[in-house]
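Here are my notebook entries from an afternoon of looking around one protein chain. Open the structure and follow along with me.

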Amino acid sequence: MILEKKNRDTDKKRDVFSIFLIFLTSSLIIGFSDLLISILFIPRFPAFSFSFMFKPLSITVLLFFFLQVILFMITVFPFVYFFKIKFINFALLLSSFFVFFFIIGSVADLFGISFTPERMFKISIVFVFSIIFSVVLSISVKNISRKEEHKRWITSSALSLPFIFAEVLLFFRLVIYGIIPFFTSKFFLISFLFIFLFIFTLWIFNFVLNVKTKSVIVILFWLAVVFSQFFSPSFLSESGLKLEKIITEKEDSPKYIFLVTIDSLRTDSVSCYNSNGELTPNISEFARKAVVFENAFSLSSWTTPSLASLMTGFSPSTHTVTKDNARLPGELPTIAGEIKKIGYYTCAFGINPNLTKRTNISKGFLYYDFYPKYAVERAIGSKLLKHFYKFYIAENVFDLAPENVVLDWGTLINTKKLTDLSIQWVKENKSKHKRFFLWIHYLDPHVPYAPPTEYIKGEKVISTIGFNFDKAIEVLSGAFVPSKKEKKWMKTLYDGEIRYVDDNIGRLFTALKKMDIYKDSLIILTSDHGEEFWDHGRYYHGHSMYNEVLSVPLIIKSPLEGKPKRVEPPVSLNNIMPTILEYCHIPLDAKEFYADSLLPLLHSHTVNNYTPQPVVCSGVLYGEKRKALFFDWYKYILSENSQKEELFDLNTDPSEQNLLNKRMPDRLQKAREILEKHLRVSNKIKKLFKITKEKKSDRDKKKSDRLNKLEALGYL
Ligand SMILES: [Zn+2]
């Protein structure tokens, strides 16, 4: 009698432990298959790091474990008493339901934070099928389980599945993502080794380990996955997750502020800057009722330093974001950071790997949705993390991608989708937030030039290039020398990209008008830099300092009454931060070091009392370091290694063809003095904001794909 009771007790204990183990195993299977599926569905996107993947993995695993435990406790008694199912069989039924429901749902991408009626319908179908499947499975397992051998085989295989999934992930990283190219001897060797590894894992679980050891290993594996999440402390220490308390709120500050930046857009491509232009009817329409700055300059010849200047109001020599792996110093105030303090919701959408979160250009943005993103962002754990922690979004994919892998991220999200996202966001948030600041960064017309074909006009396709030109680096390094015809075709594709973006900007503005928020909005449209098309013998951007690269369009529409006009005095992207802050009545600390606000130019009838300030540009990505200076309608360029100086008169020679060095030694001397003074002031500002040295991003150890390519081509 006593022995019987004791046996029953140990049986019960064993049952409880088995149920626990079933839930652990199934949640691990779900977590790993979630990642595998999300990576499989974005095969072009080879960037993933194991440490990064553990976050969504552990969230999914924990979530499904507790879901199963809770559901089991709620539903177990009716099943056990009315349907006479054993506890353990019911746990199996529940787990197989979850695994099936989850895998099918994940393949169909049914899980997200918001649920549309269509999605709910699909989910309910998968739900019903999953129930049928799990019932059929549990009945057949019950039949098989009469044979001890089969039972053992099934449980062992199930327990080994998470390990096999983990091995598949490793295989992906090595083979699918091109570290080892397909159909080479290395590829076959690796595939063979992995097949051996899978069989070995199965064998260990089936014939070597006893039940106890197996269970301990699964539990340890489970704990390792879940707790690995907490070993990346930077993840939760992000500041500024919540909208700060409103300090002041002035009624006449603009309700909505839109900053639209278009990558690599030449000023002379914008119709309102060029009387022959027909590329941008929508931007021209916008400009007709706005203020057009005829001489606006970027502070750098490539994206990151240029936009760091726009956001901080300081030159690259001050903010120090001049290299590929640089990070904006957190000490510097930014537009988003400052206006967030007075109650603006700050949000950004964009495409460009050089603007993702690791550059810290995201500072002050409550929602920062920049592409390209990680492959694992499709995983349910990632979606949850993103929902609760808005900053859980892309860092630099170049750094995460295995070396030698060519990223094809341009195809993942395009200008049209980006516009849709932005319009959708405004629709959903215009009543939620009383005031907001939205920044949209279009990557087009940046290389690759691959506009939808309906935007390409007038030329016959050149077959050596086709409809997708992406060999900028090869042209820059001399590895590809385009013929005259090819050059013309490149420009045709570039123009097509501009038409494409302009069309979408038109769509964006129309949507804002329909939502009745256009009128109350401050809208600033500009570009981060231009693009060279052999104006000075070379192509692309990021290396020279001529105006085809440094000149940018700048058009501002004020929410206040103001006459449309054209402003001639030179300004720069450094003027934008003080302008937005003055609109919002936010005083600037150390105001004397900032450029002037453009508000007087926007609203007064004359521009006579405006004194243009010298503008110093620097931060070159490729080749020799250079600085450029705009002063009194002169332009001075200094190439630092060769000490080559160039002086141009922009009034008489806007295309910078006639060197004045010999004729104007006094101007040359003045330029040198202004440059020296600028550097002294820069150092002063750096001291003031306690910027000690250039900050590097967290993931700067690995060289970017692009730099590797350049180095391979002998350019660096
Ligand atoms: Zn750019």
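Which residues in helix 7 are buried? I looked this up and noted Val218, Trp222 and Val225. The three cover an arc of only 65° around the axis, so they sit on the same side of helix 7. I then turned to the other side of helix 7, where Lys212, Thr213, Val216, Leu220, Leu223, Ala224 and Phe227 are exposed. A reminder to myself: the model is predicted.

**Entry: the chain as a whole**

I stepped back for an overview. The protein chain has 716 residues, and 42% of them count as buried. Its secondary structure comes to 21 helices and 15 strands. I also looked at contacts with a separation of 6 or more, and 71% of those in the protein chain are between residues 24 or more positions apart.

I returned to helix 7, which runs over residues 211-228 and has 18 residues. From first C-alpha to last, helix 7 reaches 26 Å, close to the 26 Å expected at 1.5 Å a residue.

Next I checked helix 6, residues 185-208. With 24 residues at 1.5 Å each, helix 6 should span 34 Å, and the C-alpha atoms at its ends are 32 Å apart, which agrees. How many of the 24 residues of helix 6 are buried? I found a count of 1, so I wrote down that helix 6 is hardly covered.

**Entry: a lysine in helix 1**

I picked Lys12, which lies in helix 1 (residues 2-40). Is Lys12 buried or exposed? Lys12 has 11 other C-beta atoms within 10 Å, and a residue with 12 or fewer counts as exposed, so Lys12 is exposed. I also looked at Lys12 together with Ile88: they are 76 residues apart in sequence, yet 9.9 Å apart in space, C-alpha to C-alpha.

**Entry: a pair of crossing helices**

I followed helix 8 (residues 281-288) to helix 16 (residues 484-514). Their axes come within 7 Å and cross at roughly 45°, which means that helix 8 is oblique to helix 16. Which residues make the contact? From helix 8 I listed Pro281, Asn282, Ile283 and Phe286, and from helix 16 Asp502, Asp503, Ile505, Gly506 and Phe509. Sorted by class, this contact has 5 nonpolar, 2 polar and 2 charged residues.

**Entry: backbone details in loops**

Then I checked phi angles. Ser264 is not a glycine, but it has a positive phi of about 60°. I located Ser264 in the loop between strand 1 (256-262) and helix 8. Ser264 has 27 other C-beta atoms within 10 Å, so it is buried.

Thr320 is another residue other than glycine with a positive phi, here near 65°. Thr320 is in the loop between helix 10 (316-319) and helix 11 (335-340). With 23 other C-beta atoms within 10 Å, Thr320 is buried.

Note on methods. Residues numbered from 1 in each chain as written. Predicted model: local features only at pLDDT ≥ 70, side-chain atom pairs only at ≥ 80, totals over all residues. Axes fitted to C-alpha atoms, helices over the stretch in contact; angles between N-to-C directions. Helix = DSSP H or I, 4+ residues; strand = E, 2+ residues; numbered from the N terminus. Parallel < 35°, antiparallel > 145°, perpendicular 65-115°, else oblique. Contact = placed C-beta atoms within 7 Å. Nonpolar A, V, L, I, M, F, W, Y, C, P; charged D, E, K, R; others polar. Expected span 1.5 Å × (residues − 1). Buried ≥ 20, exposed ≤ 12 C-beta atoms within 10 Å, placed from the backbone. Arc of directions from axis to C-beta.
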